[in-house]
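Open the model in your viewer and keep the selection tool handy. This tour tells you what to pick next and what you will find there.

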Amino acid sequence: MLNGEKKIARPLRWAMIGGGRLSQVGYKHRSGALRDNTAFQLVAGAFDIDAQRGRDFGVNIGVAASRCYDNYSQMFTTEATRPDGIEVVTIATPNGTHYEITRAALNAGLHVICEKPLFFTSAEVIEVKQLAAEKGLIVGVTYGYSGHQMLLQMRKMIANGDIGDVRMVEMQYTHGFSANDSADKFSDAQKWRVDPKIAGPSFVLGDLSTHTVYLSQLVLPELKLQSLLCDRQSFIPSRAPLEDNAMVLMHYHGGAVGRLWTSAINAGSMNSQKIRVIGSKASLQWSDYQPNELVYEVQGQPNQVMHHGMPYLDESALADDRLGALHTEGLTESWSNIYLKFAQAIDAKQRGDEAALSQMVYPDIDAGLEGVRWIENCVRSADGGSVWVNVG
Ligand code: NAI
């Protein structure tokens with residue numbers, strides 16, 4: 001159980017790029033990273049594309065005025081001159097900036113925690129992975145819900161053979177907030193999401209489904225994708241060529257199959273991300289709408305709903321529990337768990353403990369690479385006429 005006691009010798013000196021006053025995702029990063037004040041300390045930032053607003057915001061949340069910067073270049077240069085300069089930076093800016101800022105951060109000697117989708121192309125990720133390796137630095141990717149402990153329970157039960165041989169993976173990440181085009185006109189966060197110059201080659205495939213695909217890789221680390229077929233549409237025509245709805249069929253090595261639906265035009269749906277793994281004996285299902293519950297359905301037996309914090313769970317799931325079974329845990333705790341793992345990975349890297357690092361399960365640069373490859377392959381399939389494409 002996690003109670004905030006220190007897991008690393010001292011908190012890491014942390015900065016943010018983006019994530020300021022008007023950002024959608026910034027607070028998720030801060031509430032995750034700063035949940036345990038033994039893991040990170042927010043000491044600097046270039047919080048906004050509008051320098052004055054970013055400075056004002058930084059001071060408002062308690063960062064020293066002298067360490068609220070106009071832009072990330074100024075921050076990297078100035079912090080490098082301080083004996084207590086930043087060690088790790090989070091990049092919470094729109095997609096099109098991630099590659100350039102990540103490279104600059106690594107070249108400044110900083111560990112990086114970056115938003116998804118990591119970059120536009122897998123070639124960029126491979127190049128940056130090499131750079132990070134040369135510099136001895138970590139790159140983590142914030143697949144927000146992947147820190148929920150019930151997913152570790154799912155991973156363990158599948159590895160134990162509790163559902164038998166895996167036959168099918170059924171995934172969904174959809175919502176209805178882009179069912180019409182009003183947000184495309186009025187919301188800055190939506191405008192860039194449907195602009196290929198800033199969003200990259202996809203809208204919902206990158207914005208939503210990369211999360212769920214990573215969940216499938218987390219719970220099924222042995223399952224490797226072989227081929228896929230993607231069909232994508234822009235129900236709001238002005239979004240083309242980017243899709244607001246997509247369906248993907250998958251074949252995995254070994255004979256299992258998969259299906260994923262991702263959409264921002266699921267009118268009336270507030271949020272639904274779910275993953276169901278169907279085996280030869282039983283199925284397991286998890287949804288981020290009921291994240292504390294793992295549904296275990298054994299063919300021929302009454303269904304079971306397993307609950308977080310209960311002693312019947314695997315020790316890996318209990319180790320990441322924070323509040324105990326009496327109280328609900330959700331997105332905030334999940335982000336806290338991911339950030340704690342980033343801190344432990346960075347600490348292991350700083351200590352040169354590669355053995356410990358190799359045992360850690362967290363969304364690293366390979367998880368970022370898989371997400372970018374997923375988008376590339378889906379787009380290749382869809383734009384080739386929704387044909388099957390081999391992916392590995
Ligand atoms: P947003 O449009 O709400 O906010 C972006 C922020 O970045 C703005 O405040 C803007 O001022 C700032 N910014 C832009 N360029 C900058 C620069 N060069 N330097 C400093 N600040 C800069 O976007 P949102 O929704 O917060 O998304 C940001 C990133 O987070 C995207 O990559 C998105 O895919 C990802 N995201 C991830 C989520 C998750 O659950 N992991 C949830 C929402 C977004």
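**Stop 1: the two annotated regions**

Select residues 12–143: UniProt, in an unreviewed entry, places the feature "domain: Gfo/Idh/MocA-like oxidoreductase N-terminal" here. UniProt positions follow the numbering used here, feature names are shortened, and annotations may be inferred rather than shown by experiment. This is a predicted model: local features need pLDDT of at least 70, side-chain atom pairs count only at pLDDT 80 or more, and totals for chains, interfaces and linings use all residues. Residues are numbered from 1 along each chain as its sequence is written.

Over residues 12–143 the chain is 38% helix and 20% strand. Helices (H or I, at least four residues) and strands (E, at least two) are DSSP runs, numbered from the N terminus. The end C-alpha atoms of this stretch are 21 Å apart.

Now select 155–391. The unreviewed UniProt entry lists "domain: Gfo/Idh/MocA-like oxidoreductase C-terminal" for these residues. Here the chain is 37% helix and 25% strand, with its end C-alpha atoms 24 Å apart.

**Stop 2: the domain assignment**

Color domain 1 (12–145 + 340–363) and domain 2 (147–323 + 370–390) separately. These bounds come from an automatic or database domain assignment. The contact between them takes 16 residues from domain 1 and 19 residues from domain 2; contact means C-beta atoms, placed from the backbone, within 7 Å. The C-alpha centres of the two domains lie 26 Å apart.

**Stop 3: the ligand**

Where does the ligand lie? It lies between domain 1 and domain 2, because both give residues to the shell around it. Show the 24 residues around the ligand; Gly18, Ser23, Gln24, Glu115 and Ala189 come nearest. A residue counts as near if its C-beta atom, placed from the backbone, lies within 6 Å. Strand β1 (12–18) and helix α8 (188–193) each supply at least two residues of the shell.

**Stop 4: helix α14**

Select 365–383. Helix α14 has 19 residues and reaches 27 Å from its first C-alpha to its last. That is close to the 27 Å expected at 1.5 Å a residue, taken as 1.5 Å times one less than the number of residues. In α14, 15 of the 19 residues are buried (20 or more other C-beta atoms within 10 Å of their own; exposed is 12 or fewer, partly exposed in between; C-beta atoms are placed from the backbone). Then click glycine 385, which follows α14 and has a positive phi, near 105°.

**Stop 5: methionine 306**

Finish in strand β13 (residues 304–307), where methionine 306 is found. Methionine 306 is partly exposed, with 19 other C-beta atoms within 10 Å.

Technical notes:
Contact = placed C-beta atoms within 7 Å.
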